[in-house]
Amino acid sequence: MKIGIMTFWWSNDNYGQLLQCYALQKFLSDIGHEPFLIKYNYERDVASPLYIKAFKALNPVRLFKYINKKIHKNLVKREENSFSRDFEKFRTKYIKQEDFEYSTWKQLKSNPPEADAYIVGSDQVWRFSPSVTNSNKGMIHSYMLDFGSCSTKRLSYAASWGLDSLSKELIDEINPLLKKFDYVSVREQNGIELCKQCGVSNAEWVADPTMLLTPEVYRDLYKTELQSIRMPKEKYILLYMLNNVFDFDIEKIFSFAEEKKLKVIYVTGNGVLDKKEKFFATIPEWLYLIDNAEYVITNSFHCGVFSTLFNKKYGIVALSGMHKGMNKRIDSLFDRFNISPRYINESLKILDVEYKADLKYNIENFQKTLEEL
């Protein structure tokens, strides 16, 4: 069966984003299907009209925020160009994809990708803003698979809301779209309740696609690139941080490393900019660094997944402020692996607490649905 996958795919510094896309494709290929990535990037679908941009420009606070955001984006782009992580090389080599790139829901509607089924997920593809406007309606309908033939089957696999609650406005918009799905599954437990609010009472809680492959599959990814991997000569702590809000002072990690006589290898993603020395890892290098670290410390869901798969000593930095709701995915990670929470506190003691992860997941209904389509 030919299956088009709708997910996030375009990052040049978010390792989990590319690996979850790779994992779902590989899993589907291994059970006999023909998956491919639908290259949809929602940036034009969420762009504000010119009159709104002009209105914002008249507001000094909004203008200041816009200029700062623009400066930050340009600095991140400059860093990407100076220190390539070869994400495009990974996409080309490991992810089957369409040549055409969709930038709007209108394009998806008028020229839909040909497939027997569409699957949306994983990652936070359903993390929509509470208000439904012309600036985000296209994105909502795209990730709710509102395009293509009526005969094309629609499924979600481990789709993440990344939210604690939904507005009535958003529920009303999503309800008729989600009801057209042939199968619905979510990555976080609280996503089941959010689906119920949108009219679907039989949604399943399933494992992120990165958890469906064995650790050896990921080891093979970096072992095939060993000649080009930059291997640390000293024992080290891997510190991998995304650009999300948190309260923890990472200087404590550097002090901890000094006490343990370990080097800190600092890798960032999602546009983190600071003055600390960074390691700009390729995807195979990132996997190698996790697998061979003495400790791993992160605020990333997927880094937590791979740390668990590789049975590493690790800790998660909880998010706060506007990103606090995203901790639900970390809570579900611990629940899915059937381990006690590994959030870091001031003492960092959790790093040396042993655990035994349960790597068996119930995906029978998902596989059965694919077989029946």
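Over how many bridges do strand 10 and strand 11 pair? Select strand 10 (residues 295-298) and strand 11 to find out: they pair in the parallel sense over three bridges. Two strands count as paired if DSSP finds at least two bridges between them. Strands (E, at least two residues) and helices (H or I, at least four) are DSSP runs, numbered from the N terminus.

This is a predicted model, in which local features need pLDDT of at least 70 and side-chain atom pairs count only at pLDDT 80 or more, while totals for chains, interfaces and linings use all residues. Residues are numbered from 1 along each chain as its sequence is written, and side-chain values use heavy atoms, with hydrogens and water left out.

**Stop 1: the sheet**

Stay on strand 11 and pick Gly 315. Ile 297 stands opposite Gly 315. Now show the open sheet of four strands, in the order 9-8-10-11, with parallel pairing. Strand 9 (263-269) and strand 11 (314-316) are at the edges; each has a single partner strand, so one side of each lacks a neighbour in the sheet. From one strand to the next, the twist averages 15°.

**Stop 2: two helices**

Select helix 1 (residues 15-30) and helix 9 (residues 215-223). Their axes come within 13 Å and cross at roughly 115°. Axes are lines fitted to C-alpha atoms, for helices over the stretch in contact, and angles run from 0 to 180 degrees between N-to-C directions. Next, show the side chains that make the contact (heavy atoms within 4.5 Å). Helix 1 brings Leu 19, Tyr 22, Ala 23 and Lys 26, and helix 9 brings Val 217, Tyr 218 and Leu 221.

**Stop 3: the core**

Which residues touch the most other members of the largest nonpolar core? Select Tyr 157, Tyr 218, Trp 286 and Leu 287, out of 66 residues. A nonpolar core is a set of buried Ala, Val, Leu, Ile, Met, Phe, Trp, Tyr and Cys residues joined through side-chain atoms within 4.5 Å. Helix 1 gives the largest share of this core, nine residues. Zoom in on Trp 286.

**Stop 4: a buried aspartate**

Select Asp 123, in the loop between strand 4 (117-120) and helix 6 (137-143). Is Asp 123 buried or exposed? At 9% relative accessibility, Asp 123 counts as buried. Buried means under 20% relative accessible area, exposed over 50%, and partly exposed in between (1.4 Å probe, protein chains only). Leaving aside neighbours within four places in sequence, its contacts include Thr 7, Gln 17, Arg 187 and His 302.
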